[in-house]
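I opened this model to take notes on its confidence, fold and side-chain packing. The entries follow in the order I looked things up.

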Amino acid sequence: MAKIGGSLLVPCVQELVKNPMLVVPPRYIRPDQDSPINSDDTLISQIPVIDMQSLLSEESMDSELAKLDFACKEWGFFQLVNHGVSSAFLEKLKKEVQGFFNLSMEEKKKYWQHPGDVEGFGQAFVVSEEQKLDWADIFSMITLPVHLRKPHLFPKLPPLLRFSLFVLDMDLQTKRAN
């Protein structure tokens, strides 16, 4: 099975905030970074947008790949459009993922990252006890190809979320085959 990296286990942010705090724990303070911008429409309009259809078109593939390269290197993320997944389905999936994060901690522990792995519930790529952490919890999982799925994750997901991911995977596999 392919390994995409490892991570040390760290406390769950959702659990940390249940106890009143007067200060943010030092491990989550990043003085080397600019303060976050709360609401700036100019910045939002600059977020890279990648067009899937342009990536598949011989005429525009090179320029769209250059945009994708820039987005990954300079921003670390991008918005993907014209991917063929309906807005209604994405909204449904978003609600199911939110439902996952709203599960009790006891339930989420079933999905906890295994030591040295990045898939599961927790934080990814934590390599030392001194490393600054993100003020967020994540859930990361490979769904395709099917043989790379971790048996302790996908089969145990809440049924509606698992079914939606299955439908999405089947749709993607069908599109790849055509």
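What is the mean pLDDT of the protein chain, and what percentage of its residues reach 70 or more? I read a mean of 82, with 85% of residues at 70 or more. pLDDT is the predictor's confidence in each residue, from 0 to 100.

**Ground rules.** I am working with a predicted model, where local features need pLDDT of at least 70, side-chain atom pairs count only at pLDDT 80 or more, and totals for chains, interfaces and linings use all residues. Residues are numbered from 1 along each chain as its sequence is written, and side-chain values use heavy atoms, with hydrogens and water left out.

**Confidence by element.** Helix α2 (residues 41–46) is lowest, at a mean of 66. Strand β1 (residues 49–51) is highest, at 95. Where pLDDT is low, the predicted coordinates should not be read in detail.

**Fold.** I listed 7 helices and 4 strands. These are DSSP runs, numbered from the N terminus: helices are H or I with at least four residues, strands are E with at least two. Along the sequence I read α-α-β-α-α-β-α-α-β-β-α.

The protein chain has 178 residues, and 29% of them count as buried. Buried means under 20% relative accessible area, exposed over 50%, partly exposed in between (1.4 Å probe, protein chains only). I then checked contacts (heavy atoms within 4.5 Å). Among those between residues at least 6 apart in sequence, 64% join residues at least 24 apart.

**Aromatic pairs.** Rings of Phe, Tyr and Trp (its six-membered ring) pair if their centres lie within 6.5 Å; planes under 30 degrees apart count as stacked, over 60 as edge-to-face and the rest as tilted. I get 9 aromatic pairs by this rule. Phenylalanine 100 and phenylalanine 101 have ring centres 5.4 Å apart and planes at 90°, so I log the pair as edge-to-face. Both of these phenylalanines are buried. Tyrosine 111 and phenylalanine 139 are also edge-to-face, at 6.1 Å centre to centre and 90° between the planes. Tyrosine 111 sits in the loop between α6 (105–108) and β3 (120–122), and phenylalanine 139 in strand β4 (residues 138–140), so this pair ties together parts 28 residues apart in sequence.

Phenylalanine 139 is partly exposed, at 22%.

**Nonpolar cores.** I used sets of buried Ala, Val, Leu, Ile, Met, Phe, Trp, Tyr and Cys residues joined through side-chain atoms within 4.5 Å. The largest core has 17 residues, of which Phe100, Phe121, Leu157 and Leu165 touch the most other members. α5 (87–101) and α7 (159–177) each supply at least two residues of this core. The largest share, 4 residues, comes from α5. Apart from this core lies another, of 5 residues, including Val10 and Leu133.

Which residues does phenylalanine 100 touch, not counting those up to four places away in sequence? I noted Lys108, Tyr111, Phe121, Phe139, Leu157, Pro158 and Leu161.

**Backbone check.** Asparagine 82 has phi near 55°, a positive value in a residue other than glycine. I found asparagine 82 in the loop between β2 (79–81) and α5. Its relative accessibility is 43%, so I count asparagine 82 as partly exposed.
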